[in-house]
Structures are given as structure tokens and as C-alpha cells.
Amino acid sequence: MKQRAWAFLADGEQITALSLGNNNNNDRKSRRSNEKYKPQERRHLEVCGSRCNFTVTSAPRRTESTRRSRFDTNASSSQIAHHDFSLLPFDVLAKVAASFTLSNLQSASLVCRSWRDALRPLREAMLFLRWGKRFKHGHGGVRPNLDKALDSFLKGAARGSTLAMVDAGLIYWEIGKKGEGIALYKKAAELGDPAGQCNLGISYLQAEPSNPKEAMKWLYQASVAGHVRAQYQLALCLHQGRGVESNLAEAAKWYLRAAEGGYVRAMYNTSLCYSFGEGLVHNHQQARKWMKRAADRGHSKAQFEHGLSLFSVCNANTTFPFLERNLTRFH
């Protein structure tokens, strides 16, 4: 006669029911028996024919110390100390926020007292930037005064604002002091300002002697950051082979990206790329779409060419407004 091997349990445990009979009722009986076990323990009953494997696994019990550690902020403060941004050095924070606008600076100043104190010079720079724009354009009830505008921009630049550096550099460039302008553009570009990078790249192209390779370096950085004018200038350099070998496919890619960003000249050039199949697959529908967008935004050549294309399909009602808008520029 075969003997059955009973499952061994720890001391204090009792088997109240063990299904050895009808296999159809195994699940029901196992659930009924498991209800009588302690809630801290998990039991698994496997029934395979006439063999029974009964496994008892005890779940880990929470002690008072583990419960206390979950809510003890002092115990975890050392672990999250590296996430305490108030410990960020002032000079590092000033470089990170150098290109912030006034609204971004105000929001960042609310993070903690340390950030508020560190960003005070940049908030002051925004005031000088505002007054500089007023003096430059004659807004806010003041008369245009380029000297006062430059002085305000320089005070903002001295406090670390790349926005003020770019505006001051632009005035220097306009009055013929290109060396001072390039120096300010470069300082803003090194701090990561896309407008400063774009202006620096264009300045290297227009300087005497020009430096196309350095221009391509800064135009590319600004283009990757999403600056649409830099994307257009980079496409021109790639198209004309300035600083690099001519690459129509790459140029068309940057034309298209700048056009999608709203740059009107890029829309016109994108239309030409689609029309002649240069860098992009020939697509007459896309060519007309971008030509119309450039014409709607005031591009004179696009208005003339779009008007001619409409005239070729005998759509006089929509043709003459574009042609008339373009012809009035020559009177």
C-alpha cells in the first residue's frame, strides 16, 4: 500500500483541509482553506494528480523602525542633498539664466531665497534693457537717443544679460565699431544665446577679412537651438559653398526648417527647391504652397511669381491683386 507524504509545516501551523479527491473542486477547496491562514502569510497549493506540494512563504513584517524611516525627513535629507538647487553657486546660476527674459527671471526668483538673491543683477539688467529699447526706438514717451540707449544696454550687459549684450553689439555694429560689436556677440554666444550666436556668425561672414568656418560653427549652434534666421543663413552657406562644400540636400533641409518656423525668405527658397527639384523631390503642389505663403507675407518676388502662376491657369480674379501689390513697389 502506498503511503502519502504529508506536507511539513512550521510549528504552530495546522492543516485544516487538504484536497485529495475530486480535482474539479480543487480551486474551491483551496480558496476555502487559505481563508483560515494568517493574513501575513502567502500560501500556494499545487495539485498535480495525486501529488500535493504545499508551500508556505512568510511575508516580511514591518517593524516600528522601518515605518518610522519612511516618514523621517531628517533621515533622508542626506540622501537628497544633491537635489538641493539652493546650493547652486551664484556664478553658475547666473550663466544658466543669462539669456532669461523678465518673466522667466521672475519665476526662477520664486524658487528659493538663494535664487532670488543670485538673480537680482539679471532682474536689474531687464530694467536697463527696457530703457535701452525706449531710447533706441523712441517709445514710452522718450525721444530717440542712441547714446543713452547704448549706455543702458551696456549697463544691462555688465549685469550678465545676453539680451542686453546682443542689443549693445547691434548698436556698435551700426555705428561702425564692429570690433566691439563682435566682442559682445561672442560673449553672448558663449553663454548659449541663440541670437548672439546667429549675429556672431553673420558678423564673421561680413567682416573683413571674413571667417566662413567660424561663421558656420556659430550658425549651426544657433540653428540647432531653433533660431530661424540662423537656419536660413546656414542654408545659404551650404547652398553657396561658403565655409563648407556646397550641399544642396542639406541646404534644402535647413531652408525647409526655417520656412516652417515662419522665416519668409526661407519660404521663397523652399518653393524654388521644390519647383526645380534641387535638394528636395520635385513637387509642384508644395512649390505653390510655399510660394503663396511667402507672397501672403509680403515677399515681393514671391508675389510676382505667384501672380504669374495664377495667370497661367487663367485665374484672373486672384492674379491681379498679387501682381498689383508687386508692381506698386516699383513706382
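This is a short chat about a predicted model of one protein chain.

Student: What does the secondary structure of the protein chain come to?

Tutor: The chain has 18 helices and two strands. Keep in mind that the model is predicted.

Student: How much of the chain is buried?

Tutor: Buried residues make up 33% of the 331 residues.

Student: And contacts between residues at least 6 apart in sequence? What share of them join residues at least 24 apart?

Tutor: That share is 40%.

Student: Let's take some helices. How do helix 7 and helix 8 pack?

Tutor: Helix 7 covers residues 120–137 and helix 8 covers residues 146–158. Their axes are 8 Å apart, at an angle of about 165°.

Student: Why are they called roughly antiparallel?

Tutor: Angles over 145 degrees count as roughly antiparallel. Helix 7 and helix 8 are at about 165°, so they are roughly antiparallel to each other. Their crossing is left-handed.

Student: Which residues meet there?

Tutor: From helix 7, they are Ala125, Phe128, Leu129, Trp131, Gly132, Lys133, Phe135 and Lys136. From helix 8, they are Leu146, Lys148, Ala149, Ser152, Phe153, Lys155 and Gly156. By class, this contact has eight nonpolar, three polar and four charged residues.

Student: Leu146 is on that list. How far is Leu146 from Ile175 in space?

Tutor: Their C-alpha atoms are 9.8 Å apart, and the two residues are 29 apart in sequence. Ile175 lies in the loop between helix 9 (162–174) and helix 10 (178–190).

Student: What is the relative accessibility of Ile175, and how does it count?

Tutor: The value is 43%, so Ile175 counts as partly exposed.

Student: New topic. Where is the cis peptide bond between Glu208 and Pro209?

Tutor: Pro209 sits in the loop between helix 11 (194–206) and helix 12 (212–224). Omega for the Glu208 to Pro209 bond is about 0°.

Student: How do helix 11 and helix 12 pack?

Tutor: The angle is about 160° and the axes are 8 Å apart. That makes helix 11 roughly antiparallel to helix 12. Helix 11 passes helix 12 in a left-handed crossing.

Student: Who makes the contact?

Tutor: Helix 11 brings Pro194, Gln197, Cys198, Leu200, Gly201, Ile202, Tyr204 and Leu205. Helix 12 brings Pro212, Glu214, Ala215, Trp218, Leu219, Gln221 and Ala222. They divide into 11 nonpolar, three polar and one charged.

Student: Which residues of the largest nonpolar core touch the most other members?

Tutor: Leu119, Leu200, Leu219, Tyr232 and Tyr255 do. That core has 65 residues.

Student: Why would nonpolar side chains gather like that?

Tutor: In soluble globular proteins, nonpolar side chains tend to be buried together.

Student: Tyr255, then. Where is it, and is it buried or exposed?

Tutor: Tyr255 is in helix 14. Tyr255 is buried, with a relative accessible area of 1%.

Student: What is Tyr255 in contact with, apart from neighbours within four places in sequence?

Tutor: The list is Tyr232, Ala235, Leu236, His239, Ala266, Asn269, Thr270 and Cys273. Tyr255 and Ala266 are 5.1 Å apart, C-alpha to C-alpha, and 11 residues apart in sequence.

Student: How do helix 13 and helix 14 pack?

Tutor: Helix 13 (residues 228–240) and helix 14 (residues 248–260) pack at an angle of about 160°, axes 8 Å apart. That makes helix 13 roughly antiparallel to helix 14. Their crossing is left-handed.

Student: Which residues make that contact?

Tutor: On helix 13, Val228, Gln231, Tyr232, Leu234, Ala235, Leu236, Leu238 and His239. On helix 14, Leu248, Glu250, Ala251, Trp254, Tyr255, Arg257 and Ala258. By class, there are 11 nonpolar, two polar and two charged residues.

Student: Last one. What is the relative accessible area of Arg257?

Tutor: For Arg257 the value is 38%, which is partly exposed. The C-alpha atoms of Arg257 and Gly226 are separated by 8.9 Å, and these residues are 31 apart along the chain.

Methods
Residues numbered from 1 in each chain as written. Predicted model: local features only at pLDDT ≥ 70, side-chain atom pairs only at ≥ 80, totals over all residues. Heavy atoms only, no water. Axes fitted to C-alpha atoms, helices over the stretch in contact; angles between N-to-C directions. Helix = DSSP H or I, 4+ residues; strand = E, 2+ residues; numbered from the N terminus. Parallel < 35°, antiparallel > 145°, perpendicular 65-115°, else oblique. Left-handed = near helix turned anticlockwise from the far one by under 90°. Contact = heavy atoms within 4.5 Å. Nonpolar A, V, L, I, M, F, W, Y, C, P; charged D, E, K, R; others polar. Core = buried A, V, L, I, M, F, W, Y, C linked by side-chain atoms within 4.5 Å. Buried < 20%, exposed > 50% of the residue type's maximum accessible area, 1.4 Å probe, protein only.
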